[in-house]
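This report covers the fold of one chain, its interface with a partner chain, and the packing inside the assembly. The structure comes first.

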Amino acid sequence: MAVDSQLETQLRETQPEPGPSALGTERQAASRRRQAMFLSIVGAVGLLAAWTIASIATETEFQLLPPPWEVADRMWGFIVGDPERNVEGGTVFVNFWDTFRKTMYGFIGAVVVGIPIGILMGRYRYAKNYFFDFTYLAANVPLIVYSILAVVLFGLGDAGPAVVVGLLVLPDVALNVAAGVEGVDRRLLSMSRVYGQPSGPALRHIVWPTFLPFLFSASRASFAASWKLATLAETFGGTTGVGVQIRKAFQGFSVADMLAWMMFFVIFVVLVERVILIRLERYAFRYRLQRDEDVLRF
Amino acid sequence: MSSGSDVATAPREPLGDKAATQRTAAAMERLKAIVLSERAARWTARLSLILIWQLVGELSDRMPTPVDTFNFIIDEFQRPFEGTEATWWNNQVVQNTYLTVERTVLGMFWVIAIGIPLGYAMGTYWRAQATFTDIIMVGLALPGYIWALLSLMWFGFSVTAPVFTVAVSATPALVVFVMRGTLAIPRELRDMSHAYEVPFLERFRHLVLPSMAGAVIAGVRLAILAGWGLVLVTEWFGLPDGAGQQSRSWYDAANFDGLMGWALIIILIIIVFDRGVIERIDKRAHKWRGNIEGFGTKREGTG
């Protein structure tokens with residue numbers, strides 16, 4: 001399940017090959033970029049238009065599908081407060097922070113446990129075989145089962161979502177760390193031993209740089225999935241956070257609130273992906289970027 | 001073997017001793033090789049998983065032990081779905097999982113019907129890609145269970161809700177896979193087949209299908225995994241029957257044996273399906289390639 005953000009990367013980087021007519025000049029390329037931009041706006045506007053039409057066509061007193069502007073109004077209410085509906089200002093930030101906090105606990109736990117396991121897996125064949133089924137299982141268990149586990153084991157509260165996020169992220173971290181360890185240049189390590197370098201700097205200059213990018217790609221790959229799992233677990237048995245707000249919207253039968261939270265969700269995921277994670281990754285990969293290696297695309 | 005014949009022919013005591021030690025050493029080596037073999041490692045892992053579960057079950061007052069869960073599943077097989085007589089067909093496990101599988105299949109029908117043409121178009125025509133990229137991106141960022149709740153509110157507690165949920169939330173991932181797959185079609189061959197005016201069906205059969213098979217199967221596999229989970233979520237939150245609803249009813253009854261029992265059934269079905277069906281189809285689809293490593297070959301996890 002942790003492939004969502006990898007898919008996003010692929011989606012952004014996939015370009016259909018230029019047809020025979022577009023083989024070429026920069027001006028043509030620029031005009032194509034403009035056209036592509038235009039088309040993507042057309043796509044977005046088309047979606048909004050379809051939404052509006054559907055909302056008008058299905059209008060009843062229950063408001064099954066509120067129009068976009070109504071949802072935008074709700075979203076604004078969740079940001080600055082809406083006394084009419086008893087919503088305090090900044091509700092969005094409080095709830096997203098709560099969920100984010102739990103996700104981070106899970107992430108940190110997964111990294112702490114996953115790095116040693118990954119090192120073992122990269123170093124010993126036995127460990128690799130031993131942990132193989134664990135990683136397979138963790139990748140194939142439906143998210144709902146994780147959420148059930150969270151409720152059964154930890155009851156209501158913060159621990160459940162955090163632990164299951166950790167369980168979900170753990171195999172990704174371990175596998176990526178294992179790949180990183182396998183990639184460490186043994187000759188460099190032997191050389192540093194021959195020249196009597198202490199192992200501290202060797203670790204810092206040889207092992208760590210090989211290893212860090214893999215860790216980043218693990219966290220990038222797991223981010224979207226773990227965030228989704230955290231909210232689902234909250235919906236099942238949380239007391240605070242985005243998931244709880246979504247549950248409230250469902251129980252109150254408020255489609256507008258639900259759509260508003262959905263939009264926040266998209267904004268948040270895209271923002272974190274684009275702004276934070278990509279930058280971190282470029283930073284981790286910077287020494288390879290200097291060598292003009294196309295590493296961001298694996 | 002040679003040490004054995006040494007023992008038989010040599011009357012001298014010390015050599016016999018030496019041979020014996022050699023033999024034990026060889027046996028130890030073999031034992032070590034067996035214990036450290038891949039198969040042994042994997043079975044040790046499975047065993048330790050059950051042990052961990054047992055341990056957690058003993059420590060936690062809510063989590064049932066493996067034996068409890070197993071007993072529950074057997075009981076559930078003996079509980080009739082309708083009427084009073086339980087048969088191999090008319091029992092809670094088979095009937096409810098059948099309903100869930102049916103809903104997943106219906107949803108997957110739409111996912112494939114929309115995802116493959118759209119992904120193919122996006123991989124082939126840059127205009128299609130420019131139009132739909134952002135929409136697909138939003139679809140990927142959305143969690144499926146929000147769709148589940150929304151569709152329950154929209155379509156009521158009927159079969160439409162899970163099917164719609166699966167269709168909208170599993171399609172984007174398949175689209176991306178298929179889009180990547182179309183890029184794997186060798187461009188020279190595509191141009192050549194255009195130049196020689198190979199009919200569409202023939203081109204599809206001999207060029208498009210074999211090159212895209214790997215990506216499409218990977219995408220469908222992922223979509224099925226996501227769809228299965230989402231049908232369960234929809235059932236949990238609003239349907240009157242199905243595996244997800246069963247877990248919900250045991251949860252509401254605060255019966256954790258039942259909850260874990262159904263969770264186990266859910267996991268087992270998807271894993272059996274993945275191992276038994278998808279993996280076989282994948283192998284078949286890759287047969288023509290033999291042992292060539294290339295595009296689309298499975299790279300587990302470390303992608």
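## Fold of chain B

From the N terminus on, the elements of chain B run α-α-α-α-α-α-α-α-α-α-α-α. The model is a predicted one. In numbers, chain B has 12 helices and zero strands. Chain B is divided into two domains, domain 1 (2–67) and domain 2 (92–289). Their C-alpha centres lie 43 Å apart. Of the 303 residues in chain B, 38% are buried. Among contacts in chain B with a separation of 6 or more, 66% join residues 24 or more positions apart.

## Interface with chain A

On the chain B side, 62 residues are in contact with 54 residues of chain A.

By residue type, the side of chain B that touches chain A divides into 40 nonpolar, 13 polar and nine charged residues.

In soluble globular proteins, nonpolar side chains tend to be buried together. The largest nonpolar core here has 127 residues, of which A:Tyr146, A:Val164, A:Leu229, A:Met258 and B:Leu149 touch the most other members. Helix 10 of chain B gives the most to this core, with 18 residues. Leaving aside residues up to four places away in sequence, A:Leu229 touches A:Leu143, A:Tyr146, A:Val164, A:Val165 and A:Leu168.

Helix 11 of chain B is largely enclosed by the rest of the structure, because seven of its 10 residues are buried. These buried residues are B:Ala243, B:Gly244, B:Gln245, B:Gln246, B:Ser247, B:Arg248 and B:Trp250. They pack against helix 5, helix 10 and helix 12 of chain B, and also against helix 6 (143–154) of chain A. After helix 11 of chain B comes B:Ala254, with a positive phi near 55 degrees.

## A kinked helix in chain A

Helix 4 of chain A (residues 91–123) has 33 residues and should span 48 Å at 1.5 Å a residue; its end C-alpha atoms are 47 Å apart, which agrees. In helix 4 of chain A, a kink of about 35 degrees lies at A:Gly114, shortly before the proline A:Pro116.

How values were computed. Residues numbered from 1 in each chain as written. Chains lettered and ligands numbered in written order. Predicted model: local features only at pLDDT ≥ 70, side-chain atom pairs only at ≥ 80, totals over all residues. Contact = placed C-beta atoms within 7 Å. Nonpolar A, V, L, I, M, F, W, Y, C, P; charged D, E, K, R; others polar. Domains from an automatic or database assignment. Helix = DSSP H or I, 4+ residues; strand = E, 2+ residues; numbered from the N terminus. Expected span 1.5 Å × (residues − 1). Bend = angle between axes of the 7 residues up to and from the residue. Buried ≥ 20, exposed ≤ 12 C-beta atoms within 10 Å, placed from the backbone. Core = buried A, V, L, I, M, F, W, Y, C linked by C-beta atoms within 7 Å.
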